[in-house]
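Let's take a friendly look at how two protein chains meet. Please have the sequence and the structure open as you read.

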Amino acid sequence: MRSLKQLQSLDVAENKITCLPDDFGELINLTDVTLSQNCLEVLPHSVGRLKKLSILKVDKNRLIALTPAVGTCTSLTELILTDNLLQVSFEYMYMSVLFPTFAWRLGVAQLFGQSEKANRAQRRP
Amino acid sequence: MPDSIKQCKHLLYVDLSSNPITRIPDSLFQLSNLTSLGLNDISMTSLPNDIGQLVTLEALEARENLLRSLPSSIGQLKKLKRLDVGSNEFETLPIEIGCLENLQELYVDCNELDSLPQVRDGLAKIVDCIIFFRR
C-alpha cells in the first residue's frame, strides 16, 4: 500500500472485494474512493486516517456496520451507503463483528447485571 | 451510523437508502451543512421533529417507507428544493408544507391522500409536482 501513497482517486467498483487491507489508511492522499458493488462487510479502522477523503461511495455492498473511525475523516462531503445491511445501533454490532469475544463478554456482563438487579430486587423486604 | 459521524461537519450529501436502519440516526441531526439526505426504503415509520434542525437541506428523499405524517417542523426547511415522500402512507400533509418557499419539486405519489392542505402564499416556486389521490 505504501507504494501508492500519492494516489488521490481509487475506483474499484463492480468487483468481488470482501475486505480491504488493514493498511488502507496509509493512502493518505486519497480524496475520492469508490467501492460500489462489491462484497464488503466492514471498512478497516484505518480509513479514519484519510484526512483528505472527500467522497466515499460504498453503495451496494454487505456492510453490516460502519467503523466509528469514519468520524475522523473530517474532509468528507459525500457519504454514499445505499443498499447495504446497516442498522442504527451498529456500533455494538461493529464490535461484535471485529471482536466476537468482546461482544460475547459484554452480552454476558449485561445478562449478569440484569440477574444481579433482579436478585437485589427480590432480596428487598 | 456511528455517533462519531457528527464530527464530519463538512458532509453535504448522505445517502442511507435501502438499509434496514428503520430510523434516522440522531448523529445526523448535528450535520449542520447537509444539503442532501437520502432515506428511501429504510422501513422508517416516522420522521422525527428534529428534521427541522437540518435547515441547510435542499433535497430530502424518503420514498418507500411507512410514514403516516410529516412533522410540522418540516416548514423550517426553508432551503428545500426537492421533497420526495412518494410511496408512503400519508392521509394528510401538514399545513406547514406551505412554508417551503423554495420548493421546486414535490412528490407525494402512491399515498392515501384525499385532500391537500390550504396553502395561501407558499409553494410559489413549484415547477414539478406529482400527487396521486386515493380513489
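What follows is a short report on the interface of chain A and chain B.

## About the model

This is a predicted model, in which local features need pLDDT of at least 70 and side-chain atom pairs count only at pLDDT 80 or more, while totals for chains, interfaces and linings use all residues. Residues are numbered from 1 along each chain as its sequence is written, chains are lettered from A and ligands numbered from 1 in the order in which they are written, and side-chain values use heavy atoms, with hydrogens and water left out.

## The interface in numbers

Contact here (heavy atoms within 4.5 Å) links 23 residues of chain A with 21 residues of chain B. Together the chains bury about 1,800 Å², with 60% of it on carbon and sulfur atoms; buried area is the accessible area (1.4 Å probe) that two parts lose on being put together, summed over both. On the chain A side, A:Thr77, A:Leu79 and A:Val88 lose the most area to chain B, together 30% of what that side buries.

## Strand pairing

Strand β4(A) pairs with β1 (residues 13-15) of chain B in the parallel sense, over three bridges. Strands are DSSP runs of E, at least two residues, numbered from the N terminus, and two of them pair if DSSP finds at least two bridges between them. In β1(B), B:Asp15 is the bridge partner of A:Ile80.

Definitions and conventions. Helix = DSSP H or I, 4+ residues; strand = E, 2+ residues; numbered from the N terminus.
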